[in-house]
Amino acid sequence: MEAINVLVVTTEKIEGYKIVEVKGPAFGLIVRSRGIGGDIMAGLKSLVGGEIKQYTAMLEDSRKEAMDRMIKNANQMGANAIVMMRYDSGEIGKNMSEIVAYGTAVIVEAI
């Protein structure tokens with residue numbers, strides 16, 4: 001798989017660059033199921049407290065995948081940067097989580 005070079009920032013401006021064209025919203029979405037094994041382990045862990053490492057790893061992987069999909073979406077639009085990048089998440093049913101990465105796809109040039 002070819003690496004895609006898209007600069008991603010959470011700010012509206014990029015130091016040292018100027019935005020020359022706004023391409024529009026870019027996003028990447030992923031929905032993951034926790035699975036019965038994870039639910040059992042989380043239930044047991046919730047009795048004693050502490051981090052549920054399986055869920056932490058799943059959500060971290062989901063954020064990375066959502067980010068990769070957003071970058072691919074922006075690249076398909078012809079953008080070389082994404083500004084105002086954010087994550088959002090939610091629950092679907094009792095055992096699914098959705099993660100979306102979104103921002104504004106732009107073309108930037110070095111100043």
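Start by selecting Met 84, which counts as partly exposed because its relative accessibility is 31% (partly exposed lies between buried, under 20% relative accessible area, and exposed, over 50%, with a 1.4 Å probe and protein chains only). Met 84 has a positive phi of about 55 degrees, although it is not a glycine.

Before you go on, note that this is a predicted model, where local features need pLDDT of at least 70, side-chain atom pairs count only at pLDDT 80 or more, and totals for chains, interfaces and linings use all residues. Residues are numbered from 1 along each chain as its sequence is written, and side-chain values use heavy atoms, with hydrogens and water left out.

**Strand S3 and its partners**

Now show the strand around Met 84, namely S3, residues 81-92. (Strands are DSSP runs of E with at least two residues, helices are runs of H or I with at least four, and numbering goes from the N terminus.) S3 pairs with strand S1, residues 7-8, in the parallel sense over two bridges; pairing takes at least two DSSP bridges. Pick Leu 7 and you'll find it opposite Ala 81 in S3.

On to S4, residues 96-110: S3 and S4 run antiparallel, joined by 10 bridges. Their hairpin has three residues between the strands, and Gly 93 there takes a positive phi near 70 degrees.

Next, click on Ser 97 in S4, which stands opposite Glu 91. The side chains of Ser 97 and Glu 91 make a polar contact at 3.3 Å (a pair of N or O atoms within 3.5 Å; within protein, one able to donate a hydrogen and the other to accept it, with sequence-adjacent residues counting only if both atoms are side-chain atoms). Ser 97 is buried, at 8% relative accessible area.

Among the buried residues of H2 are Tyr 55, Met 58 and Ser 62.

Finally, colour Met 70, Ala 74 and Ile 82, which touch the most other members of the largest nonpolar core, a set of 13 residues. (Such a core is made of buried Ala, Val, Leu, Ile, Met, Phe, Trp, Tyr and Cys residues joined through side-chain atoms within 4.5 Å.) H2 gives this core its largest share, four residues.
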